[in-house]
Every structure is written in structure tokens, then in C-alpha cells.
Amino acid sequence: RTVYVNGDYLPEDQATVSVFDRGFLMADGVYEVVSVLDGKLLDFDGHLVRLKRSLDELSMDNPLSDDDYLAAFRALVERNGITDGMIYLQVTRGNPGDRDFAYPPAGTRPTVVMFTQSKPGLADAPAAKTGWKIISIPDQRWARRDIKTVQLLYPSMAKMEAKARGVDDAWLVEDGLVTEGTSNNTYIVKNGTIVTRALSNDILHGITRAAVLRFAAEAQMQVEERSFTIAEAQAADEAFITSASAFVMPVVEIDGAAVGTGQVGPVATRLREIYLEESRKAAI
Ligand code: PMP
């Protein structure tokens, strides 16, 4: 693979970052994941808007222009021959030359890293036909989940717990209510109404979530933005998640209980189709 580090395109085994980088020592950095279908970028603008918001919330300078990001993404897609897959972008507060809790002086150059992941057939994931099984576990992350930081240890632990219990993912629960999945936003469908938690600092403001809710409204589907419990999800007609890399993925089992018929339902299926169709059309 050819990867991007601070303006250079390098073979992955020659790309390096300092041991003093605050991303490495403090998880002081933010990231984005953008899907590529047919060599084109999905929802590039939305991801850049969120990147800038994350940087802003952490008082970090945005090191590149929108055009620079776009040019680098396209160069990586081209150099790595990506048809379907993902681009990972990470911006950390850079290398102050030593370890210190205080932020380094203004002007310290942020570290920008980008790389591709090839996923042939990304849009045709067989799991979309069978659905995911998930478990619920307590949400023990910090309280600013709206900032897309690289501090991903708890979601990794949750994912490992899901794996150990033979399922696909975990939904995180706080004060008896589902916040989101380890790396996705969560939804249930009851009597035709799509329910998903409202935006706040408690969850990441998913780019796919915004698109799916827009498409749902355009298709005259009912949407309620409110929190729900695991019991309500288990009693729902359907459940699903959204993320930039899984798109819309049905959930058919929660903590061992079948959701609805236990099969992938019509609302999730339709939303996945609409999302993929519209996103491909708008891809750049
Ligand atoms: N919540 C969390 C915690 C996530 O990590 C992600 C994926 N980055 C999402 C939601 C979904 O966001 P998006 O649709 O922008 O990928």
C-alpha cells in the first residue's frame, strides 16, 4: 500500500510517526472513515464538515484545505487501485518533542495520516441479507462521544466481548437507554416508525445517520428522534445500524431475543437500497 503522511506518499513500511506524537501518547487526535464505491468517495463533504467540527472542539488547527483532502483521497484511491473500500484519515496534535499533558504551543504541526483499505464487493456484504446479532453492554466511554477521537479502547473492548459471545457487535447502554453501537448509530422500527436517539454529546453524529434520515423523510417514512431501551428494541418489528462502512445493516437478534420475525425486515432493506443508490449517485 501507498500511504500518506504529512504530504508525502510513501510505501506503508517506510511511513513513520514520532514516538512523541500526541496521537500515540494521549489519543489526542481525530479521524474520519470515508467509503469508496466504484472508485468514488461517498459523502466526502459531510465527513469534512464533521472533521472540522471535531478539530474545533479540541482547539486543533485544520492542517489542510478541503481541496487538499480531496486531492489526497483521490491520489490514494488511484495509487492503490481502490474500486471499493475505505479511506482512513487521522489528524493528531503532532509531535511536541516530549510528553506533557498541556497542549504544545500554537504552530506545532499536526500529524496527518491517510491510508486506504480495499474491500471488494463492499456494498454486497452477505450480512445485509442475514442481519447482525448483537449483545448489549454498559456504555463506559467518556462523555464527549460527539467528537470523533482516536480514543477507541472501550469500543474495542466491547467488540471483543461481542466476538467472545459469538455475535457481530454490541449496543452500548447508559441509564437504561441505548446510546449507539461500538462504531455505528442504532435504530428500531415499530409500526412503520423509525426510532433513533436524538443528537447530543452522548453519541457520534453519524454522517450515514444524517443521510438515512433525510432519505427516510423524502420517502415519507415516519421518524422519531428519541432514546429507547433494549427491551423496546427486542419488542420492535425491526432493528438496524448505520455507518459509513456498513451503510445500513439489519439487526435480527438482541441479547439472544429475535427482533420481529428474526429475519431481515422491509424497512432496513429499503433504506439500505435507497442509501446505496442515492450515495452512489452523489459520489465524487
Ligand atoms: N457511532 C460511532 C461510535 C462510530 O464510531 C461511528 C462510525 N464512525 C458511527 C456512529 C457512525 O458514523 P458514520 O455514519 O459517520 O460512519
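Which helices and which strand each supply at least two residues of the shell around the ligand? In this predicted model, local features need pLDDT of at least 70 and side-chain atom pairs count only at pLDDT 80 or more, while totals for chains, interfaces and linings use all residues. Residues are numbered from 1 along each chain as its sequence is written, and side-chain values use heavy atoms, leaving out hydrogens and water.

The contributors are helix H2 (44-57), helix H6 (207-218) and strand E13 (238-243), where helices (H or I, at least four residues) and strands (E, at least two) are DSSP runs numbered from the N terminus. In total, 17 residues surround the ligand, and the closest are Arg50, Lys148, Glu180, Ile207 and Thr208; a residue counts as near if one of its heavy atoms lies within 4 Å.

Polar contacts (pairs of N or O atoms within 3.5 Å) can be followed one by one. An oxygen atom of the ligand is 2.6 Å from an N or O atom in the Thr208 side chain, and one is 2.7 Å from such an atom in the side chain of Arg50. At Ala244, a polar backbone atom lies 2.8 Å from a ligand oxygen.

Conventions
A polar contact is a pair of N or O atoms within 3.5 Å; within protein, one must be able to donate a hydrogen and the other to accept it, and residues adjacent in sequence count only if both atoms are side-chain atoms.
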